[in-house]
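Subject: Structure handover

Hi,

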Amino acid sequence: MKICQIPSSVGDGRSQQNLLSWLVNDSVAIDAGSLGILTPLDRQRLVRHVFLTHTHIDHIATLPVFLDNVYSLDEHCPVIHGSSDTLNCLQRNIFNDQVWPDFVALSASAPSFVKMHEIRAGSPVQVEGLTITPMEVAHTVPTLSYLISDSNGTVAMIADTSQPETVINSVRNLPDLRAVFLECSFPDELQSLAEMSQHQTPQMFARQIARLPAHVEIFATHLKPACDKQVQEQLEALNDPRIRLSQPGITYVFE
Ligand SMILES: [Zn+2]
Ligand SMILES: [Zn+2]
């Protein structure tokens, strides 16, 4: 399995995680923060499925642009997978003929722009040789994390949350667990803001990863650009060799 966080910076600051989205094996995306600005455009055309964690703008910012970019007259169109809350929110607030055309209604007649597929926590979905299992996590809006599995192993993509316990409990004893991508948004000094916005600090992050086995790779994600240097220093101070920063543009291979 190949996983690459899609870059969202122009010019210097390539490591900044301004917007969140990942490619899995080139054909599946988790979130669409920067999917619609991925170049060359052919890379967007390879993406057949987008699994959304939640509707915050850093995770869906370029979804409408992506759908516009990959529109084609053949019968293929991308499938957007999300919870009913997420799909309803998109329909009400984005695809509403005001912010963006109602691609869902337009797709009633071929050729379609998009197919919307409702998913439920705990019910795996099989696409492109992967099994993707959504799991609920606590955040300020309904949010899903994803377990992504192929024949070689499982990677947990744990989205915005201050309480990843349930997901970590369910993966920590999986014999094929290879890696965990876990959010760490704010420095320890901003603990109260992290709690209010339901994100994590390095101290919270450390408590969670202490329950993961030694062989599992851990990728810190979602460092807020305004304070990412501070978060990075505090993560380094944890002195845990398993921790790496998820670097946008770098492809991580789990074989
Ligand atoms: Zn969020
Ligand atoms: Zn976010």
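The notes below go from the overall fold to the metal sites, and then to strands and backbone.

This is a predicted model, in which local features need pLDDT of at least 70, side-chain atom pairs count only at pLDDT 80 or more, and totals for chains, interfaces and linings use all residues. Residues are numbered from 1 along each chain as its sequence is written, chains are lettered from A and ligands numbered from 1 in the order in which they are written, and side-chain values use heavy atoms, with hydrogens and water left out.

Overall fold

The protein has nine helices and 14 strands. Both are DSSP runs numbered from the N terminus: helices are H or I with at least four residues, strands are E with at least two. The radius of gyration is 18 Å, close to the 18 Å that the globule rule gives for 255 residues, so the protein is as compact as a globular protein of that length. That radius is taken over C-alpha atoms, and the globule rule is 2.2 Å times the number of residues to the power 0.38. Along the principal axes, the C-alpha atoms fill a box of roughly 55 × 40 × 30 Å.

Buried residues make up 51% of the 255. Buried means under 20% relative accessible area, exposed over 50%, and partly exposed in between (1.4 Å probe, protein chains only). The protein exposes about 11,300 Å², with carbon and sulfur atoms supplying 51% of it. Accessible areas come from the Shrake-Rupley method with a 1.4 Å probe; for residues, only the protein chains shown count as cover. Among contacts between residues at least 6 apart in sequence, 59% join residues at least 24 apart. Contact means heavy atoms within 4.5 Å.

The zinc ion (ligand 1) is coordinated by His-54 (NE2), His-56 (ND1), His-139 (NE2) and Asp-160 (OD), at 2.2 to 2.3 Å. Donors are N, O and S atoms within 2.8 Å of the metal (3.2 Å for Na, K and Ca); water is not among the atoms, so sites may look incomplete. Along the chain, the donors of ligand 1 follow the spacing H-x1-H-x82-H-x20-D. The angles among its four donor atoms are 90 to 164°, and the site is irregular. Four donors count as tetrahedral if all angles lie between 85 and 135 degrees; four count as square planar and six as octahedral if opposite donors are over 155 degrees apart and all others between 65 and 115; anything else is irregular.

Asp-160 bridges the zinc ion (ligand 1) and the zinc ion (ligand 2), which lie 3.5 Å apart. His-139 sits in the loop between strands S8 (130–137) and S9 (143–150), while Asp-160, 21 residues apart from it, sits in the loop between strand S10 (153–158) and helix H6 (165–171). His-139 is buried, because its relative accessibility is 8%. Asp-160 is buried too, at 2%.

The zinc ion (ligand 2) has Asp-58 (OD), His-59 (NE2), Asp-160 (OD) and His-222 (NE2) as protein donors, lying 2.0 to 2.2 Å from it. Their spacing in sequence is D-H-x100-D-x61-H. Why is this arrangement irregular? The four donor atoms subtend angles of 91 to 164°. Asp-58 is in helix H2 (residues 57–60), 102 residues apart from Asp-160.

Strands

Three bridges join strand S4 (residues 49–51) to S5, and the two run parallel. Here His-49 has Val-79 as its bridge partner in S5. Four bridges join S5 to strand S6 (residues 115–118), also parallel. His-81 has His-117 as its partner in S6. Two strands pair if DSSP finds at least two bridges between them. In S5 (residues 79–82), Val-79 and His-81 point one way, Ile-80 and Gly-82 the other, and all are buried.

Thr-133 is in strand S8. Thr-133 is buried, at 17% relative accessibility.

Backbone points

Most residues other than glycine have a negative phi, and most peptide bonds are trans. The peptide bond from Thr-39 to Pro-40 is cis, with omega near -5°. Pro-40 lies in the loop between strand S3 (28–30) and helix H1 (41–45). Asp-26 has a positive phi, near 70°. Asp-26 is partly exposed, at 30% relative accessibility. Gln-198 has a positive phi of about 55°, and lies in the loop between helices H7 (191–197) and H8 (202–209).

Best wishes
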